[in-house]
Amino acid sequence: MQKIILFTLLAGLTACSSPTITSESLSPSEINDIRARVAELHPDLSTRKQHEVTQLVVRALDNMVFIEGGTFIMGDFGMSCEPGSTQMCQIDYDTDNNYLHEVTLSDFAMAKYETTIGEFDLYREVIGEEPFAAHLREREDRQHLFQPDLPAWTRTWTEAHNYCRWLGALSGKDIHLPTEAQWEYVSRNRGQKVLYATDNGKIELGRNYPKHDEGVLPVGSYPPNPLGIYDLVANAGEWLNDWYSPDYYQNSPQYDPKGPATGSEKVYRGLATGNTPKTNTTVSRSSRSIEQRRYSSLRGFRCAVSGL
């Protein structure tokens with residue numbers, strides 16, 4: 001009888017040590033698989049911390065929005081030179097997006113939100129790194145900049161890349177930074193001629209786009225685009241997976257392009273809050289050196305999933 005009571009108590013303690021995690025998209029067995037990978041990859045973490053990591057991975061997968069693949073014409077599709085005019089002009093003065101080319105993408109998924117400070121802080125803790133901008137966090141007048149639901153700050157492309165790959169290792173899926181083609185396809189609502197990646201393709205300050213004095217906001221503060229993806233315009237800019245080349249569009253393969261094989265800068269899309277709103281279009285390209293001098297609240301990222 002005593003053995004039965006002892007076994008029951010131990011079973012109860014085990015159950016308490018592994019709280020239930022619910023999911024909108026994963027089965028209990030899939031969640032258990034993630035839990036096992038977390039324990040295997042991070043055996044020195046406490047049970048509580050392993051649970052937090054498992055929750056993070058499950059939430060990341062729940063927040064992935066399925067994107068049906070398709071074919072579209074990538075690049076500066078032009079706009080009327082004047083309202084009501086049939087004459088077409090380039091959308092911006094850049095020349096690196098002028099070469100229109102056909103791109104065909106396989107099905108994929110993209111995170112509906114940019115990675116948050118809370119998520120990135122947990123990741124850094126788990127891999128043994130201190131929180132970014134630790135010296136600023138100590139200042140009482142700067143703590144509002146580090147709310148857990150704000151976009152994560154970055155200094156390098158590599159740390160954003162590593163975060164997504166870490167999620168992939170724990171989830172068993174091919175998770176990575178979005179390719180430039182995936183990002184533009186989503187921003188243009190599956191490749192339509194959408195100028196701004198808002199809910200209606202227009203910029204309406206204070207309704208679907210931050211006002212000039214609002215700064216960086218918690219992720220998802222304004223309506224998503226028609227596919228359900230938030231903050232593709234303004235808030236934080238985003239690192240993408242591709243190396244940047246000004247003439248890549250002229251050499252891009254049609255199917256699932258991933259950018260040049262090498263380079264010195266990475267593609268960077270979705271200009272941050274504070275830039276002139278009208279310049280923040282779905283076709284505008286920019287790039288950044290993979291390593292910056294300091295952490296910035298304006299330089300964020302989100303993850304994507306391929307191989308669906």
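**Figure 1. The second largest cavity has a lining of five nonpolar, three polar and three charged residues.** Ala, Val, Leu, Ile, Met, Phe, Trp, Tyr, Cys and Pro count as nonpolar, Asp, Glu, Lys and Arg as charged, and the others, Gly among them, as polar. The model is predicted; local features need pLDDT of at least 70, side-chain atom pairs count only at pLDDT 80 or more, and totals for chains, interfaces and linings use all residues. Residues are numbered from 1 along each chain as its sequence is written, and side-chain values use heavy atoms, with hydrogens and water left out. The lining includes Met74, His101, Glu180, Ala181 and Asp242. Helix 7 and helix 8 (248–251) are the elements that give two or more residues to this lining. Helices (H or I, at least four residues) and strands (E, at least two) are DSSP runs, numbered from the N terminus. The volume of the second largest cavity is about 50 Å³.

**Figure 2. The largest cavity holds about 110 Å³ of space.** Asn208, Tyr222, Pro223, Asp231 and Val233 are the closest to its centre among the 19 lining residues. By class, this lining comprises 12 nonpolar, five polar and two charged residues. On a 1 Å grid over the protein atoms alone, a cavity is a set of points where a 1.4 Å probe fits but cannot get out, and a pocket is an open set with protein on both sides within 12 Å along at least five of seven lines; lining residues have an atom within 4 Å of a point. Grid points are joined across faces, edges and corners, and a volume is the space filled by probe spheres set on the points.

**Figure 3. The largest pocket contains about 260 Å³ of space.** Its lining has 18 residues, and Asp92, Thr279, Asn280, Thr281 and Ser284 lie nearest the centre. Seven of the lining residues are nonpolar, six polar and five charged.

**Figure 4. Four strands form an open sheet in the order 1-6-14-8, with antiparallel pairing.** Strand 1 (64–67) and strand 8 (174–176) are at the edges with a single partner strand each, so one side of each has no neighbour in the sheet. Two strands pair if DSSP finds at least two bridges between them. Strand 1 pairs with strand 6 (residues 108–111) over four bridges, and Ile67 stands opposite Phe108 in strand 6.
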